[in-house]
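Me: I would like to go through the wording used for this structure and ask, term by term, what stands behind it. Please set each value against its definition.

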Amino acid sequence: MIDKRVGSLTEAVAGIADGATVLVGGFGNSGIPVELVHALLNEGARDLTLVTNNAGSGETDVAALLRERRVRKIICSYPRSSGSVWFEERYRAGEIELELVPQGTLSERMRAAGAGLGGFFTPAGADSLLAEGKEVRVINGRRHVFEEPLHGDVALIKARKADRWGNLVYSTAARNFGPTMATAAALTVVQVREFVELGDLDPECVVTPGIFVDRVVEVPA
Amino acid sequence: MSRLALTDMARRVARDIPSGAYVNLGIGMPTLVGQVVSPEKEIVYHSENGILGMGPAPAPGEGDPELINAGKQPVTLVPGGSFFHHTDSFMMMRGGHIDVTVLGGFQVSEKGDLANWATDDVGHPPAVGGAMDLAVGAKRVLVLMTHTTKDGRPKILPLCTYPLTAAAVVDRIYTDLAVIDVVPGGLLVREVVEGLGRDELQERTGARLSFADDVVPLVPGAV
């Protein structure tokens, strides 16, 4: 029997290794898998590369990983936001490497990874500093920069409901990076508000089919 | 010297947004445009984090804390609205499906180059967000910004000195002093705030301006 449900947050993040590349869903405070990130903090993995749109704010989730010096590198589109004090502290001290990526490129690089593609050419950023050192090619008269796929060892994401096969539906704008990250990691771990029975999710409305999901854990709101 | 207040600048931009348009408003000053668009126009607002049909802020204490806009402020969804994931959202932006975007700007060049993501302040860690995808992808790129910096230096220049967001993308610039089109060969002034002479506008502009035959006055308080 296929059953991707696990009984605890500890089981959900078990085995995440030092040096792992971890994709963390969320945009601002919407859709962040806060409890999974805290479980990762407790699990203890260090020297992580985080891929996430923002670099955390306040003292929780991504900011807590930065505060506890678990992060070696962050791949991010908008690290600077109100309350991103731990990112700024670690960045200014030279303790963390930042790879800045335009937001659409960040998402598409993960899509390419999930889709088994070797990368893509995009006009976004082709005339900017962020294209330095990358191949630029003129396509249909416009400059495009080559971007490589971005794979995760692990993805931590948040959804609204899951069944035991790992089929997922999300909640409003909290969907954001979740469906793409789920495809791009070797191990996709999802926290959901609610488990439902197999067959209860309308197949026309499943957003992430369970093939992309490895573990789901219930974290009631 | 007379100049347009922020609300007038936003109203002027709003007039150029046609009914039926799919529109993305940048963070900051451009957000105001949504508040002054004529309610008779049916406009579908896009938010980069996966919303089409974004509505205004919810009443205090109501709404879904995870339903936020690109500026991380709470918003609502209008009937007919939809949610989708980030990759689809940026496909809409980069793929030419958004009719109009209104962006803030640090600098615009006479060729329509846009600098709006980084200055030369190295004390700040850099951040880019969705600016580059929007600038290259939207069908029309409108820039809303003050004509000069707080200390009076021009922001419309022969070449941007700040790092570029994208090259040759801006269609029209709206400032507190003028409405200026980026056309082949340079910058064409369409409208100037009432009481400001052509020479005075040129003095406050780094790039060379040309003027339309029928320059329209912008009247503060009556835009």
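Me: Which residue stands opposite K73(A), and in which strand?

Reply: K73(A) stands opposite E97(A) in β5(A). The model is predicted, so local features need pLDDT of at least 70 and side-chain atom pairs count only at pLDDT 80 or more, while totals for chains, interfaces and linings use all residues. Residues are numbered from 1 along each chain as its sequence is written, chains are lettered from A and ligands numbered from 1 in the order in which they are written, and side-chain values use heavy atoms, with hydrogens and water left out.

Me: What makes β4 and β5 of chain A paired strands?

Reply: Two strands pair if DSSP finds at least two bridges between them, and four bridges join β4 (residues 71-76) to β5 (residues 97-100) of chain A, which run parallel. Strands themselves are DSSP runs (E, at least two residues; helices are H or I, at least four), numbered from the N terminus.

Me: Which residues of β5(A) lie on its covered face, and which on its uncovered one?

Reply: L98(A) and L100(A) form the covered face of β5(A), whereas E97(A) and E99(A) form the uncovered one. In a regular strand the side chains alternate between the two faces of the sheet.

Me: Why is α5(A) called oblique to α3(B)?

Reply: The axes of α5 (residues 103-114) of chain A and α3 (residues 86-94) of chain B come within 9 Å and cross at roughly 125 degrees. Angles under 35 degrees count as roughly parallel, over 145 as roughly antiparallel, 65 to 115 as roughly perpendicular and the rest as oblique, and therefore α5(A) is oblique to α3(B). The contact (heavy atoms within 4.5 Å) includes R111(A) of α5(A) and F90(B) of α3(B).

Me: Why is D61(A) called buried?

Reply: Buried means under 20% relative accessible area, exposed over 50% and partly exposed in between, with a 1.4 Å probe and protein chains only; D61(A), at 5%, therefore counts as buried. D61(A) lies in helix α3 (residues 61-67) of chain A, and its phi is near 35 degrees, a positive value in a residue other than glycine.

Me: Is A168(B) buried or exposed, and how do you know that?

Reply: The relative accessible area of A168(B) is 53%, so A168(B) is exposed. A168(B) is found in the loop between β9 (156-157) and β10 (172-174) of chain B, and its phi, near 50 degrees, is positive in a residue other than glycine.

How values were computed
Axes fitted to C-alpha atoms, helices over the stretch in contact; angles between N-to-C directions.
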